[in-house]
Amino acid sequence: MEQRRIVHIDMDAFYASVEQRDDPSLRGRPLAVGRGEARGVVAAASYEARRFGVRSAMPSVTAKRLCPELVFVPGRFDVYRAVSAQIHDIFSRYTPLIQPLSLDEAYLDLTDHLGAYGSATLVADRIRADIHAATGLTASAGVSYNRFLAKLASDYRKPDGLFVITPAMGPEFVAALPVDAFHGIGPATARKMRALGIETGADLRTHDIETLTRHFGKAAAFYYGISRGIDHRPVVVNRERKSLGTEQTYLQDLTAEPDAHMALTQIAAKLWGSLQRRQLQARTVTLKVKYADFRQITRARTLPAPVPSEEVLLQTGQSLMMPLFPFVPGVRLLGLTLSGFHAPAPTSSDQMELLFRDAPDPS
(Lines give C-alpha, C1' and ligand atoms only; values in the text may rest on other atoms or scores of the structure.)
Protein backbone atom coordinates (compact mmCIF):
# COMPACT_ATOMS: atom_id res chain seq x y z
CA MET A 1 0.00 0.00 0.00
CA GLU A 2 1.39 3.39 -1.02
CA GLN A 3 2.37 5.67 1.87
CA ARG A 4 0.03 8.61 2.07
CA ARG A 5 1.32 12.19 1.97
CA ILE A 6 -1.01 14.30 4.09
CA VAL A 7 -0.62 18.00 4.80
CA HIS A 8 -2.47 19.91 7.51
CA ILE A 9 -2.53 23.68 6.97
CA ASP A 10 -3.52 25.87 9.93
CA MET A 11 -3.58 29.66 9.80
CA ASP A 12 -1.80 31.40 12.68
CA ALA A 13 -4.20 33.18 15.09
CA PHE A 14 -6.44 33.67 12.06
CA TYR A 15 -9.15 36.13 13.20
CA ALA A 16 -6.70 38.19 15.27
CA SER A 17 -4.11 38.20 12.48
CA VAL A 18 -6.69 39.51 9.99
CA GLU A 19 -7.52 42.35 12.38
CA GLN A 20 -3.85 43.21 12.88
CA ARG A 21 -3.27 43.09 9.13
CA ASP A 22 -6.12 45.50 8.45
CA ASP A 23 -5.37 47.90 11.31
CA PRO A 24 -1.64 48.60 11.71
CA SER A 25 -2.25 50.23 15.13
CA LEU A 26 -3.13 46.77 16.49
CA ARG A 27 0.11 45.10 15.43
CA GLY A 28 2.30 43.93 18.26
CA ARG A 29 -0.45 44.53 20.82
CA PRO A 30 -2.33 41.90 22.84
CA LEU A 31 -5.60 41.56 20.94
CA ALA A 32 -8.83 39.62 21.41
CA VAL A 33 -11.58 39.24 18.86
CA GLY A 34 -14.88 39.32 20.71
CA ARG A 35 -16.82 41.47 23.12
CA GLY A 36 -15.17 42.98 26.17
CA GLU A 37 -18.41 43.25 28.14
CA ALA A 38 -19.18 41.28 31.29
CA ARG A 39 -20.89 38.52 29.31
CA GLY A 40 -18.40 38.57 26.44
CA VAL A 41 -16.28 35.66 25.28
CA VAL A 42 -12.94 35.66 23.50
CA ALA A 43 -13.42 34.28 19.98
CA ALA A 44 -9.71 34.46 19.14
CA ALA A 45 -6.51 35.83 20.67
CA SER A 46 -3.33 37.16 19.10
CA TYR A 47 -0.02 35.60 20.00
CA GLU A 48 0.79 38.69 22.08
CA ALA A 49 -2.33 37.98 24.16
CA ARG A 50 -1.64 34.26 24.39
CA ARG A 51 1.61 34.97 26.23
CA PHE A 52 -0.57 36.17 29.11
CA GLY A 53 -2.68 33.00 29.03
CA VAL A 54 -5.58 34.46 27.02
CA ARG A 55 -7.31 31.77 24.98
CA SER A 56 -10.36 31.41 22.74
CA ALA A 57 -13.66 30.57 24.49
CA MET A 58 -12.39 32.28 27.66
CA PRO A 59 -14.77 34.74 29.38
CA SER A 60 -13.75 38.30 28.58
CA VAL A 61 -13.55 39.27 32.27
CA THR A 62 -11.01 36.48 32.84
CA ALA A 63 -9.00 37.56 29.80
CA LYS A 64 -8.90 41.16 31.03
CA ARG A 65 -7.75 40.02 34.43
CA LEU A 66 -4.90 38.07 32.88
CA CYS A 67 -3.96 40.88 30.51
CA PRO A 68 -5.10 44.38 31.56
CA GLU A 69 -3.71 45.84 28.31
CA LEU A 70 -5.88 43.54 26.19
CA VAL A 71 -7.62 45.27 23.27
CA PHE A 72 -10.99 43.90 22.16
CA VAL A 73 -12.27 44.25 18.60
CA PRO A 74 -15.61 42.95 17.28
CA GLY A 75 -15.49 40.01 14.90
CA ARG A 76 -15.91 40.63 11.17
CA PHE A 77 -16.92 37.22 9.98
CA ASP A 78 -17.74 38.37 6.46
CA VAL A 79 -14.09 39.40 6.12
CA TYR A 80 -12.82 36.14 7.63
CA ARG A 81 -14.97 34.14 5.22
CA ALA A 82 -13.65 36.13 2.27
CA VAL A 83 -10.03 35.53 3.31
CA SER A 84 -10.83 31.86 3.91
CA ALA A 85 -12.14 31.61 0.34
CA GLN A 86 -8.80 32.96 -0.92
CA ILE A 87 -6.92 30.38 1.13
CA HIS A 88 -9.07 27.45 -0.01
CA ASP A 89 -8.71 28.58 -3.60
CA ILE A 90 -4.93 28.27 -3.15
CA PHE A 91 -5.36 24.73 -1.80
CA SER A 92 -7.32 23.75 -4.91
CA ARG A 93 -4.36 24.69 -7.13
CA TYR A 94 -2.41 21.77 -5.72
CA THR A 95 -4.95 18.99 -5.06
CA PRO A 96 -8.68 18.31 -5.35
CA LEU A 97 -8.52 16.22 -2.16
CA ILE A 98 -9.26 18.87 0.47
CA GLN A 99 -11.08 18.41 3.76
CA PRO A 100 -11.89 21.78 5.36
CA LEU A 101 -12.10 21.68 9.15
CA SER A 102 -12.95 25.35 9.68
CA LEU A 103 -12.40 28.72 8.03
CA ASP A 104 -8.69 28.56 8.79
CA GLU A 105 -7.55 24.95 8.55
CA ALA A 106 -7.79 21.95 6.27
CA TYR A 107 -6.29 18.58 5.42
CA LEU A 108 -4.86 18.07 1.94
CA ASP A 109 -4.04 14.67 0.45
CA LEU A 110 -1.07 15.08 -1.89
CA THR A 111 -0.33 11.38 -2.37
CA ASP A 112 -1.10 11.46 -6.10
CA HIS A 113 -0.76 15.21 -6.57
CA LEU A 114 2.90 16.08 -6.03
CA GLY A 115 3.26 17.42 -9.55
CA ALA A 116 6.66 18.81 -10.51
CA TYR A 117 7.57 19.28 -6.84
CA GLY A 118 7.94 15.58 -6.11
CA SER A 119 7.67 16.22 -2.37
CA ALA A 120 4.75 16.96 -0.06
CA THR A 121 7.07 19.11 2.06
CA LEU A 122 7.93 21.32 -0.91
CA VAL A 123 4.26 21.62 -1.83
CA ALA A 124 3.35 22.56 1.74
CA ASP A 125 6.03 25.26 1.75
CA ARG A 126 4.81 26.56 -1.60
CA ILE A 127 1.23 26.75 -0.29
CA ARG A 128 2.40 28.74 2.74
CA ALA A 129 4.24 31.16 0.47
CA ASP A 130 1.18 31.55 -1.79
CA ILE A 131 -1.04 32.26 1.21
CA HIS A 132 1.32 34.95 2.47
CA ALA A 133 1.58 36.54 -0.96
CA ALA A 134 -2.20 36.58 -1.44
CA THR A 135 -3.34 37.55 2.06
CA GLY A 136 -0.36 38.92 3.98
CA LEU A 137 -1.00 36.25 6.64
CA THR A 138 1.11 33.35 7.84
CA ALA A 139 0.17 29.69 8.01
CA SER A 140 1.76 26.71 9.67
CA ALA A 141 1.92 23.30 8.00
CA GLY A 142 2.34 19.75 9.18
CA VAL A 143 3.36 16.99 6.80
CA SER A 144 3.06 13.30 7.57
CA TYR A 145 1.76 9.94 6.45
CA ASN A 146 -1.62 10.27 8.18
CA ARG A 147 -4.10 12.88 9.36
CA PHE A 148 -3.44 12.51 13.08
CA LEU A 149 0.29 13.13 12.79
CA ALA A 150 -0.07 15.88 10.18
CA LYS A 151 -2.25 17.86 12.59
CA LEU A 152 0.21 17.32 15.45
CA ALA A 153 3.03 18.46 13.17
CA SER A 154 1.33 21.71 12.19
CA ASP A 155 1.20 22.71 15.87
CA TYR A 156 4.83 21.82 16.51
CA ARG A 157 6.51 24.94 15.13
CA LYS A 158 3.77 27.57 15.26
CA PRO A 159 3.59 30.31 14.24
CA ASP A 160 4.75 30.43 10.63
CA GLY A 161 6.35 27.01 10.80
CA LEU A 162 6.57 23.74 8.93
CA PHE A 163 7.31 20.36 10.48
CA VAL A 164 7.51 16.87 9.02
CA ILE A 165 6.84 13.61 10.86
CA THR A 166 8.20 10.73 8.79
CA PRO A 167 7.06 7.10 9.10
CA ALA A 168 10.27 6.33 10.97
CA MET A 169 9.60 9.14 13.47
CA GLY A 170 5.85 8.63 13.99
CA PRO A 171 5.60 5.98 16.74
CA GLU A 172 8.30 7.51 18.94
CA PHE A 173 7.03 11.05 18.40
CA VAL A 174 3.64 9.97 19.72
CA ALA A 175 5.16 7.99 22.60
CA ALA A 176 6.70 11.11 24.13
CA LEU A 177 3.54 13.24 23.96
CA PRO A 178 1.17 13.74 26.91
CA VAL A 179 -2.29 12.42 26.08
CA ASP A 180 -3.69 15.95 26.59
CA ALA A 181 -1.85 16.94 23.40
CA PHE A 182 -3.50 14.24 21.28
CA HIS A 183 -6.07 15.57 18.83
CA GLY A 184 -9.18 13.49 19.39
CA ILE A 185 -8.65 13.14 23.14
CA GLY A 186 -10.59 15.81 25.00
CA PRO A 187 -10.14 17.01 28.58
CA ALA A 188 -12.65 14.55 30.07
CA THR A 189 -11.07 11.56 28.33
CA ALA A 190 -7.58 12.75 29.28
CA ARG A 191 -8.66 12.90 32.94
CA LYS A 192 -10.05 9.39 32.70
CA MET A 193 -6.81 8.16 31.14
CA ARG A 194 -4.70 9.78 33.83
CA ALA A 195 -6.84 8.06 36.46
CA LEU A 196 -5.80 4.79 34.79
CA GLY A 197 -2.14 5.80 34.89
CA ILE A 198 -2.05 6.79 31.21
CA GLU A 199 -0.05 10.02 30.98
CA THR A 200 1.70 9.69 27.61
CA GLY A 201 1.44 7.93 24.28
CA ALA A 202 3.88 5.34 25.58
CA ASP A 203 1.58 4.64 28.55
CA LEU A 204 -1.40 4.33 26.24
CA ARG A 205 0.49 1.85 24.11
CA THR A 206 0.87 -0.56 27.03
CA HIS A 207 -2.90 -1.23 27.12
CA ASP A 208 -4.36 -3.84 24.81
CA ILE A 209 -7.46 -3.25 22.74
CA GLU A 210 -9.69 -5.25 25.10
CA THR A 211 -8.72 -3.12 28.10
CA LEU A 212 -9.18 0.10 26.16
CA THR A 213 -12.59 -1.05 24.91
CA ARG A 214 -13.73 -1.71 28.48
CA HIS A 215 -12.91 1.85 29.46
CA PHE A 216 -13.48 3.82 26.26
CA GLY A 217 -15.94 1.84 24.15
CA LYS A 218 -15.94 2.39 20.39
CA ALA A 219 -13.16 4.98 20.58
CA ALA A 220 -10.72 2.30 21.80
CA ALA A 221 -9.61 1.28 18.30
CA PHE A 222 -8.75 4.88 17.43
CA TYR A 223 -6.76 5.37 20.66
CA TYR A 224 -4.97 2.04 20.14
CA GLY A 225 -3.94 3.11 16.65
CA ILE A 226 -2.79 6.65 17.32
CA SER A 227 -0.66 5.55 20.28
CA ARG A 228 1.34 3.66 17.64
CA GLY A 229 1.30 6.43 15.05
CA ILE A 230 -1.43 4.67 13.03
CA ASP A 231 -4.46 6.48 11.57
CA HIS A 232 -6.21 5.09 8.51
CA ARG A 233 -8.82 7.84 8.17
CA PRO A 234 -8.84 9.26 4.64
CA VAL A 235 -9.09 12.90 3.72
CA VAL A 236 -12.83 13.31 3.14
CA VAL A 237 -13.78 15.69 0.35
CA ASN A 238 -17.03 17.69 0.50
CA ARG A 239 -17.96 16.65 4.01
CA GLU A 240 -21.70 16.72 4.49
CA ARG A 241 -22.84 19.45 6.84
CA LYS A 242 -24.46 17.90 9.91
CA SER A 243 -25.97 21.01 11.48
CA LEU A 244 -26.31 24.77 11.17
CA GLY A 245 -26.91 26.95 14.19
CA THR A 246 -27.12 30.47 15.57
CA GLU A 247 -26.92 31.46 19.22
CA GLN A 248 -26.66 34.66 21.23
CA THR A 249 -25.30 35.46 24.69
CA TYR A 250 -27.02 38.35 26.47
CA LEU A 251 -25.51 41.05 28.67
CA GLN A 252 -28.59 40.90 30.92
CA ASP A 253 -30.35 37.65 31.71
CA LEU A 254 -33.63 37.05 29.91
CA THR A 255 -36.44 36.56 32.39
CA ALA A 256 -39.58 38.06 30.81
CA GLU A 257 -41.43 35.97 28.25
CA PRO A 258 -41.86 38.81 25.68
CA ASP A 259 -38.11 39.51 25.76
CA ALA A 260 -37.31 35.86 25.19
CA HIS A 261 -39.72 35.65 22.25
CA MET A 262 -38.19 38.76 20.68
CA ALA A 263 -34.70 37.32 21.14
CA LEU A 264 -35.75 34.04 19.51
CA THR A 265 -37.32 35.95 16.61
CA GLN A 266 -33.96 37.57 15.85
CA ILE A 267 -32.12 34.24 16.10
CA ALA A 268 -34.62 32.51 13.79
CA ALA A 269 -34.26 35.27 11.19
CA LYS A 270 -30.48 34.99 11.18
CA LEU A 271 -30.56 31.19 11.02
CA TRP A 272 -33.10 31.14 8.20
CA GLY A 273 -30.91 33.50 6.19
CA SER A 274 -27.93 31.17 6.66
CA LEU A 275 -30.00 28.18 5.57
CA GLN A 276 -31.24 29.96 2.44
CA ARG A 277 -27.74 31.08 1.43
CA ARG A 278 -26.57 27.47 1.55
CA GLN A 279 -29.62 26.25 -0.41
CA LEU A 280 -30.33 23.51 2.13
CA GLN A 281 -33.43 22.12 3.73
CA ALA A 282 -33.70 20.71 7.25
CA ARG A 283 -36.29 18.82 9.27
CA THR A 284 -34.97 18.94 12.85
CA VAL A 285 -35.10 22.10 14.98
CA THR A 286 -33.13 22.17 18.24
CA LEU A 287 -33.48 24.84 20.93
CA LYS A 288 -30.51 25.53 23.21
CA VAL A 289 -30.96 27.34 26.53
CA LYS A 290 -28.15 28.22 28.93
CA TYR A 291 -29.23 29.59 32.29
CA ALA A 292 -27.44 32.18 34.43
CA ASP A 293 -26.06 29.36 36.61
CA PHE A 294 -24.54 27.83 33.42
CA ARG A 295 -26.95 24.89 33.46
CA GLN A 296 -27.72 24.02 29.84
CA ILE A 297 -30.60 22.17 28.22
CA THR A 298 -31.63 21.36 24.66
CA ARG A 299 -35.02 20.48 23.21
CA ALA A 300 -35.55 19.17 19.67
CA ARG A 301 -38.39 18.45 17.29
CA THR A 302 -38.25 16.71 13.92
CA LEU A 303 -40.90 17.78 11.45
CA PRO A 304 -42.49 15.39 8.92
CA ALA A 305 -41.17 17.56 6.07
CA PRO A 306 -38.40 20.17 5.74
CA VAL A 307 -38.98 23.46 7.53
CA PRO A 308 -40.78 25.49 4.84
CA SER A 309 -40.35 29.05 6.11
CA GLU A 310 -38.81 31.36 8.68
CA GLU A 311 -42.23 31.58 10.34
CA VAL A 312 -42.44 27.83 10.86
CA LEU A 313 -38.85 27.78 12.17
CA LEU A 314 -39.76 30.46 14.72
CA GLN A 315 -43.02 28.77 15.69
CA THR A 316 -41.22 25.47 16.25
CA GLY A 317 -38.57 27.15 18.37
CA GLN A 318 -41.21 28.97 20.41
CA SER A 319 -43.16 25.76 21.00
CA LEU A 320 -39.98 24.16 22.35
CA MET A 321 -39.31 27.17 24.57
CA MET A 322 -42.81 27.65 26.02
CA PRO A 323 -42.73 24.76 28.52
CA LEU A 324 -39.54 26.21 30.02
CA PHE A 325 -41.20 29.37 31.33
CA PRO A 326 -40.78 30.95 33.79
CA PHE A 327 -37.02 31.28 33.31
CA VAL A 328 -35.62 30.68 36.79
CA PRO A 329 -32.86 31.62 37.04
CA GLY A 330 -32.67 33.93 34.06
CA VAL A 331 -31.29 32.82 30.70
CA ARG A 332 -27.90 34.08 29.49
CA LEU A 333 -27.89 32.32 26.08
CA LEU A 334 -30.44 31.21 23.52
CA GLY A 335 -29.76 29.30 20.33
CA LEU A 336 -31.44 27.46 17.48
CA THR A 337 -29.88 24.70 15.38
CA LEU A 338 -31.14 23.00 12.23
CA SER A 339 -30.15 19.45 11.28
CA GLY A 340 -31.45 16.51 9.28
CA PHE A 341 -30.38 18.14 6.03
CA HIS A 342 -30.96 17.32 2.46
CA ALA A 343 -30.38 19.59 -0.50
CA PRO A 344 -33.38 20.72 -2.55
CA ALA A 345 -33.59 19.49 -6.11
CA PRO A 346 -31.83 21.99 -8.41
CA THR A 347 -33.85 23.70 -11.09
CA SER A 348 -30.91 24.43 -13.39
CA SER A 349 -27.30 23.53 -13.99
CA ASP A 350 -26.30 26.83 -12.37
CA GLN A 351 -28.04 25.84 -9.16
CA MET A 352 -26.33 22.47 -9.20
CA GLU A 353 -22.93 24.12 -9.55
CA LEU A 354 -23.68 26.51 -6.70
CA LEU A 355 -24.88 23.72 -4.44
CA PHE A 356 -21.73 21.65 -4.81
CA ARG A 357 -19.47 24.68 -4.57
CA ASP A 358 -21.03 25.54 -1.20
CA ALA A 359 -21.07 22.00 0.18
CA PRO A 360 -17.65 22.08 1.92
CA ASP A 361 -18.23 25.52 3.48
CA PRO A 362 -16.30 25.33 6.77
CA SER A 363 -18.00 28.27 8.49
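Axes here are lines fitted to C-alpha atoms, for helices over the stretch in contact, and angles run from 0 to 180 degrees between N-to-C directions. Helices (H or I, at least four residues) and strands (E, at least two) are DSSP runs, numbered from the N terminus. All views show a predicted model, in which local features need pLDDT of at least 70 and side-chain atom pairs count only at pLDDT 80 or more, while totals for chains, interfaces and linings use all residues. Residues are numbered from 1 along each chain as its sequence is written, and side-chain values use heavy atoms, with hydrogens and water left out.

**View 1. Helix α4 against helix α5.**
Let us start with a helix pair: α4 (residues 77-92) and α5 (residues 120-135) pack at an angle of about 145°, and their axes lie 10 Å apart. On the α4 side the contact (heavy atoms within 4.5 Å) is made by Val83, Gln86, Ile87, Ile90 and Phe91, and on the α5 side by Ile127, Asp130, Ile131, Ala134 and Thr135. Sorted by class, this contact has 7 nonpolar, 2 polar and 1 charged residues. Here Ala, Val, Leu, Ile, Met, Phe, Trp, Tyr, Cys and Pro count as nonpolar, Asp, Glu, Lys and Arg as charged, and the others, Gly among them, as polar.

**View 2. The nonpolar core around Ile131.**
A nonpolar core is a set of buried Ala, Val, Leu, Ile, Met, Phe, Trp, Tyr and Cys residues joined through side-chain atoms within 4.5 Å. Buried means under 20% relative accessible area, exposed over 50%, and partly exposed in between (1.4 Å probe, protein chains only). The largest such core has 36 residues, and those with the most contacts inside it are Val7, Ile9, Phe14, Phe91, Leu108, Ile127 and Ile131. Two or more residues each come from β1, α1, β2, β4, α4, β6 (105-109), α5 and β7 (139-144). Beyond its neighbours within four places in sequence, Ile131 is in contact with Ile9, Met11, Ile87, Ile90, Phe91, Gly136, Leu137 and Ala139. Another core, of 32 residues, lies apart from this one and includes Tyr250, Leu271, Ile297 and Val307.

**View 3. Strand β1 and its two partners.**
Strand β1 is mostly covered, with 6 of its 6 residues buried. Ile6, His8 and Asp10 point one way, Val7, Ile9 and Met11 point the other way, and all are buried. Two strands pair if DSSP finds at least two bridges between them. The pairing of β1 with β6 is antiparallel, over 5 bridges, and Asp10 has Glu105 of β6 as its bridge partner. With β7, the pairing of β1 is also antiparallel, over 6 bridges, and Ile6 stands opposite Ser144.

Strand β2 (residues 31-34) runs parallel to β4, joined by 3 bridges, with Val33 opposite Val73. Because 7 of its 9 residues are buried, α1 is largely enclosed by the rest of the structure. Those buried residues are Phe14, Tyr15, Ala16, Ser17, Val18, Glu19 and Gln20, and their cover includes β1 (6-11), β2, β3, α2 (47-50), β4 and α4.

**View 4. Ser60 in helix α3.**
Ser60 belongs to helix α3 (residues 60-66). With 0% relative accessibility, Ser60 counts as buried. Not counting residues up to four places away in sequence, Ser60 touches Arg35, Gly36, Glu37, Gly40, Val41, Val42 and Phe72.

Strand β10 (residues 281-291) is mostly covered, with 8 of its 11 residues buried. Seen beside it, β11 (residues 296-302) runs antiparallel to β10, joined by 7 bridges, and Ala300 is the bridge partner of Thr286. The two strands form a hairpin with 4 residues between them, and Phe294 in the turn has a positive phi of about 75°. Ser243, in strand β9 (residues 243-254), counts as partly exposed at 37% relative accessibility. From Ser243 to Thr286 the separation is 43 residues in sequence and 9.9 Å in space, C-alpha to C-alpha.
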